[in-house]
Amino acid sequence: MFWACKKSEDLTSPTILGLDPTNNKDGLNKVLQMEGHFYDEEIPKRRLALDSVIQDSLDKNFPVLTLGGLQRFVELAEGVSLFLPFQLFQNGLPFILPSGFKICNGYLKVNSSSGHWKVPVKVDANGKDFFIDVIIPKFVREGKFSLNYSAEICGKFQGRSFNFITDTTTTNIDVLPKIPCGDTITGSYGLTIRKYLLGDKKGKVKVSFRTHEIGDRFDLKYNNKYLLSTGTILSEGRYPRCITPNGPSQGFIITNNTFKDYFFDYDPKISKELTFYALGSCNDARTSWDITISCPN
Amino acid sequence: MGLQKLRILFLIPLIGMSSFKSKCCNSFKFDSNSNVILPDETLDFIDLTNTGNKPKRKQQRRGGKKSKSPEGVKMLNLDLFIGPSMNLASGNFVEFQKEYYETGSTLFPTEVKTTDFYWVNAGGQLRVNPFLESNPILSYLGFAFGLNYFQRGYASEFVMQNLSLKYLDQTSIKESYRTNYIGSSLMIRFGNRLYAEAGASLDWLLFGKKTFELSRFSFGEESYDGEFSTGQTSTENLDSKIIKSGGLGWCFSLGFNFTDYVGIRAFANTNSTFFKEGANLTNQQFSLQAAVTIK
């Protein structure tokens, strides 16, 4: 993946402030903000339990489920809500839970840390798309880490209570600084969630987004509401994804190296930060995009 | 106390002069009133019989007029100090850290507060009083070259709650920066029993540590899968790449000597650089020390 260029160090911040995500994995694991329960134990491995008895091996007729439709790489600014989407797959094909089954829990941890979280999993109305919502706190410094997560499926199987925990999967996270207005950043494959600082002046802000020969999608959030999009503007609690209930997501535009401009009214009294979500092509890792957000005029 | 020679020129009234004269009258002379005039040798003898010691001649100081130096003060002195100290920090970094941790979100209210920081300050100084015998006022003036050990830094506590949940979920972080220094100072002292000092100090970093102490818990009937509590402590080294070493500061003191050797001193040190880059701290140290002087 082509990582966006790191901005030079903020001159007002001594580098030692806050939590270091690269060298303090245990601390990072324990400051993740979400609904959940923290256990000082290893994350559960793939297992099947029938009537609360863990089975030594999986029945050959039992469908082995895995997680797919994942967000493998995410660049984000600290303090943003990160979503970890997934779907269930069996033998590489989408799997729809039968009636009476549901995803009852998710398990999440920072890779190479001790302990794990047991968390609720949110589900779309169609019952096929799931995600875990987690916030990386504002005081987490720039750095790289990975999140491991899995899903627990509960229900009744042949008259017996059933619990199945999938294998864990991984999403790589890169925490990057906020961007001052007027700067241009470049991205590529995967999801990028970044914040722009727009300052104290009220006015009109220009957002310029450029892709090349491969389509990418862009969504802008201001004051916690989606304001602009290259596709359909998302509703609260939704996130740009590669796959939607109706198939591949729309809104992946090709601008052929020209900037497409959007405008909105900025008021620092409402909020001084702008969050944008850039979703690079889900199918082609060679994709590239640029975005510039001007200072209020 | 040395013996003092008494020069006595006295006239002894003669009582029973005949008996006195029969023994020694050939040695004495008499004045017009028939009083005996004793020779010097006899006076010496009287001194001997009175004190049992050979009388000493009074010694004269050589050289010019005699000057009066402060009592108990020597040209060269070694002062040693030790006592508890308190470090107060202020400056851009304090405000910057508050903004850094504050989320600005009504769903995640935060509170950041500074916590107190206590340690010990210990050291010594070689003090010279070069004008001791020249001038009554300048004799109170001295110069001190000193070394002292102290800690400097900053400590704060940050508390955040997640109000988007139906139960209490709280994250607390205590962040402290503790650095150890040797200060090399040059001070000017004025006074003796009661004295004041002022000067400059170059403060050299020995080593330092940042401690990040985290605690997290949930509370309430609606806690997801029940209540939990966890914590973690991590440390990072602070070296001269991050913390400035050799920064110039100012130091002051006010002291009182109970005796020539023992006293107390109130000491203050201020330095306006801490981090090498970024928002900075001004540290003010206050210490109340026991003082011992070796002459």
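**Between the domains of chain A**

I started where the two domains of chain A meet: 16 residues of domain 1 are in contact with 15 residues of domain 2. For contact I asked that the C-beta atoms of two residues, placed from the backbone, lie within 7 Å. On the domain 1 side, strand E5 (73-77) and strand E6 (81-90) of chain A each supply at least two residues. E5(A) has the largest share of that side, with 5 residues. By class I found 8 nonpolar, 3 polar and 5 charged residues on the side of domain 1 that touches domain 2. Here nonpolar stands for Ala, Val, Leu, Ile, Met, Phe, Trp, Tyr, Cys and Pro, charged for Asp, Glu, Lys and Arg, and polar for the others, Gly among them.

The domains run over 25-174 (domain 1) and 178-293 (domain 2), with bounds from an automatic or database domain assignment. Their centres, taken over C-alpha atoms, are 27 Å apart.

A note to keep beside everything here: this is a predicted model, in which local features need pLDDT of at least 70 and side-chain atom pairs count only at pLDDT 80 or more, while totals for chains, interfaces and linings use all residues. Residues are numbered from 1 along each chain as its sequence is written, and chains are lettered from A and ligands numbered from 1 in the order in which they are written.

**Chain by chain**

I noted 1 helix and 25 strands for chain A, and 3 helices and 13 strands for chain B. These are DSSP runs, numbered from the N terminus: helices are H or I with at least four residues, strands are E with at least two. Of the 297 residues in chain A, 39% are buried; of the 295 residues in chain B, 24% are. Buried calls for 20 or more other C-beta atoms within 10 Å of a residue's own, exposed for 12 or fewer, and partly exposed is in between, with C-beta atoms placed from the backbone. Among contacts in chain A between residues at least 6 apart in sequence, 74% join residues at least 24 apart. In chain B, residues 24 or more positions apart account for 67% of the contacts with a separation of 6 or more.

**Cores**

Which residues have the most contacts inside the largest nonpolar core? I listed A:Leu76, A:Leu82, A:Leu84, A:Leu108, A:Ile132, A:Val134 and A:Ile291, in a core of 67 residues. Such a core is a set of buried Ala, Val, Leu, Ile, Met, Phe, Trp, Tyr and Cys residues joined through C-beta atoms within 7 Å. A second, separate core has 16 residues, including A:Leu17, B:Ala89, B:Tyr154 and B:Tyr177.

**Where A meets B**

I then turned to the two chains together: 26 residues of chain A are in contact with 27 residues of chain B. Helix H1 (25-31) and strand E1 (37-39) of chain A each supply at least two residues of the chain A side. H1(A) gives the most, with 4 residues. That side of chain A has 9 nonpolar, 11 polar and 6 charged residues.

**Helix H3 of chain B**

In H3(B), residues 92-101, I found B:Phe93, B:Gln97 and B:Tyr101 buried. Seen down the helix axis, the buried residues fall within an arc of 60°, so they line one face of H3(B); the arc is that of the directions from the axis to the C-beta atoms. B:Glu95 and B:Glu99 are exposed on the other side of H3(B). The cover over the buried residues includes strand E5 (110-114) and strand E7 (141-161) of chain B.

**Single residues**

B:Phe256 lies in strand E11 (247-257) of chain B. B:Phe256 is partly exposed because it has 13 C-beta neighbours inside 10 Å. B:Leu194 is 62 residues from B:Phe256 in sequence, yet their C-alpha atoms are 4.6 Å apart.

Last, I checked phi. A:Asp51 has a positive phi near 50° without being a glycine, and A:Asp51 sits in the loop between strand E2 (47-50) and strand E3 (53-54) of chain A.
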